[in-house]
Amino acid sequence: MMTRRLLQLFTGLAMYGISLAMFIRAGLGLDPWDVFHQGLANRTGLSIGAVVIAVSFLVLLLWIPLRQMPGFGTLCNAVLVGVFADVGLALIPAVPHVAGQAGLLAGAVLVNGVASACYIGAGFGPGARDGLMTGLARRTGWSVRLSRTLIEVSVLAIGWLLGGSVGVGTVVYALAIGPLVHVLLPRFMVPAAVPKTEGKARTAMAPENCA
């Protein structure tokens, strides 16, 4: 079970980074956080992957007043998504034609949905940005939806002002990613392992083992 969880975690994070590169190469707009990342990258001259990593650890600092504790997956997420985003950009060429851009955008949304289901289903803790959303909701009493909306609208606006790419891809991602993860997540959820002592107790209580 642990092997499967680790495999899912690392596969999901690698795919997530690659999907970011696909969104950028499609050139039709990014999701809110990546609009922010791209805007910062444009202003600082850093690679998009380096910015993703730096922002992840800055966001983790905001977990402190929210009394959130990062998991193993949280820390892996903070590093590996940025690494694989830069790897993806090195491997995936820009697409000059609209049809190719649309196909790459559709592929990016699908890969991102599978990636999200993989690393969430592995159960090693939320990413830095998701943890900020849930922590804010818990501490303020706001709904998760309201917390997410406020955070993502804020980073989208700041990213757009910094020169990040907003377009049809931003809208497609916003509309598609929730339903896609909702459908895929049950297929990637790793069932909780039954402790050995509990398993022995169940065996002992089975009808065929009772006098």
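The crossing of helices H1 and H5 is left-handed, that is, the near helix is turned anticlockwise from the far one by less than a right angle (clockwise would be right-handed). This is a predicted model, in which local features need pLDDT of at least 70, side-chain atom pairs count only at pLDDT 80 or more, and totals for chains, interfaces and linings use all residues. Residues are numbered from 1 along each chain as its sequence is written, and side-chain values use heavy atoms, with hydrogens and water left out.

User: Why are H1 and H5 called roughly antiparallel?

Analyst: Helix H1 (residues 2–26) and helix H5 (residues 98–122) pack at an angle of about 155°, their axes being 7 Å apart. Angles over 145 degrees count as roughly antiparallel, under 35 as roughly parallel, 65 to 115 as roughly perpendicular and the rest as oblique. H1 and H5 are therefore roughly antiparallel.

User: What makes Glu-152 and Arg-148 a salt bridge?

Analyst: The term requires a side-chain nitrogen of Lys or Arg within 4 Å of a carboxyl oxygen of Asp or Glu. For Glu-152 and Arg-148 the closest N and O atoms are 3.1 Å apart, so the pair meets the definition. Both residues lie in helix H7 (residues 144–161), four residues apart, about one turn of the helix.

User: Why does Leu-75 count as partly exposed?

Analyst: Buried means under 20% relative accessible area and exposed over 50%, with partly exposed in between (1.4 Å probe, protein chains only). Leu-75 has 42% relative accessibility and therefore counts as partly exposed. Leu-75 is found in helix H4.

Notes: Helix = DSSP H or I, 4+ residues; strand = E, 2+ residues; numbered from the N terminus. Axes fitted to C-alpha atoms, helices over the stretch in contact; angles between N-to-C directions.
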